[in-house]
Amino acid sequence: MYKVLIVEDEDIIRKGLLFMVNWQEADCVVVGEAVDGLEGLEKIRETNPDIVVVDINMPVKDGLSMLEDSIEEYGYDAVIVSGYSDFEYARKAIRLGVTEYLLKPVNFNELYDALRKIKDKQQAAARLRHELKQLDMEKRKLGILDYIKEHYSSRVSLTDVSEQCGMSCTYLNSKFKSFTGYTFNDYLNRYRMQKAVDLLKENKYKVYEIADLVGFSDYKYFIKVFKKYVGCSPVKFMESGGAGPTP
């Protein structure tokens with residue numbers, strides 16, 4: 001259920017909101033009430049509500065000031081109820097992220113509608129957070145990217161990485177492609193060719209040495225893969241000054 005805090009200085013209105021609204025039917029529970037913005041702040045800290053129903057014009061501390069001091073930090077949604085129809089109040093409320101603004105006397109059907117909109121918004125936000133969390137977990141599992149950077153120079157296969165991540169090869173390859181746009185083997189070969197090009201530019205190693213340094217025990221296969229990705233042989237690449245084949 002959604003936790004609701006009522007902040008209203010007029011006793012008759014506050015009690016009406018407390019006892020005449022069917023909060024349970026709206027999947028809500030009132031966790032506290034306050035008579036001004038200062039007490040409202042204390043209740044917000046104590047109860048951490050999902051929704052705050054708040055009047056604007058109150059003694060000690062008005063509703064807008066209370067919202068300014070707490071809505072961003074505590075992340076609740078607010079329904080403003082006020083006897084003031086002045087657009088300036090609504091504009092300030094909108095600036096604070098408040099989208100539900102009801103005039104007194106409160107129409108309960110409008111209040112229920114406002115609560116429904118807020119609940120839909122919070123549910124959508126919760127789903128998004130869950131999806132982002134799942135995405136983050138899968139990205140961490142796909143530290144096969146880091147694995148490639150650390151092991152490209154040795155024998156590395158999709159099976160090795162799938163065992164590290166605790167995923168099947170098929171699922172890992174599918175997820176890997178969705179994140180990078182490449183299959184695992186394609187990404188690995190591209191990474192190895194980038195490293196090979198860097199080493200060729202250093203002009204310190206023989207081609208067969210570079211093949212071994214980037215994880216190819218078969219020199220001829222290295223040449224074949226290099227031609228596929230770079231467009232020419234390692235020798236031609238160096239002859240062209242490290243610029244690759246001419247168009």
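Which strand does D55 lie in? D55 lies in strand β3, residues 51-55. The model is predicted: local features need pLDDT of at least 70, side-chain atom pairs count only at pLDDT 80 or more, and totals for chains, interfaces and linings use all residues. Residues are numbered from 1 along each chain as its sequence is written, and side-chain values use heavy atoms, with hydrogens and water left out.

**View 1. D55 in strand β3.** D55 has a relative accessible area of 3% and is therefore buried (under 20% relative accessible area; exposed is over 50%, partly exposed in between; 1.4 Å probe, protein chains only). Its side chain and that of K104 are joined by a polar contact of 2.9 Å (a pair of N or O atoms within 3.5 Å; within protein, one must be able to donate a hydrogen and the other to accept it, and residues adjacent in sequence count only if both atoms are side-chain atoms). Neighbours within four places in sequence aside, D55 is in contact with V7, E8, D9, G63, V81, S82 and K104 (heavy atoms within 4.5 Å).

**View 2. V60 in the loop between β3 and α3 (63-74).** V60 is exposed, at 68% relative accessibility. With neighbours within four places in sequence left aside, V60 contacts D36 and L38. The C-alpha atoms of V60 and E39 are 9.1 Å apart, for 21 residues along the chain.

**View 3. The open sheet of five strands.** The strand order is β2-β1-β3-β4-β5, with parallel pairing (strands pair if DSSP finds at least two bridges between them; strands are DSSP runs of E, at least two residues, and helices of H or I, at least four, numbered from the N terminus). β2 and β5 (100-103) are at the edges with a single partner strand each, so one side of each has no neighbour in the sheet. Neighbouring strands are turned by 20° against each other on average, direction ignored (axes are lines fitted to C-alpha atoms, for helices over the stretch in contact; angles run from 0 to 180 degrees between N-to-C directions).

View 4. Helix α3 lies across β1, β3 and β4, at about 155° to β3.
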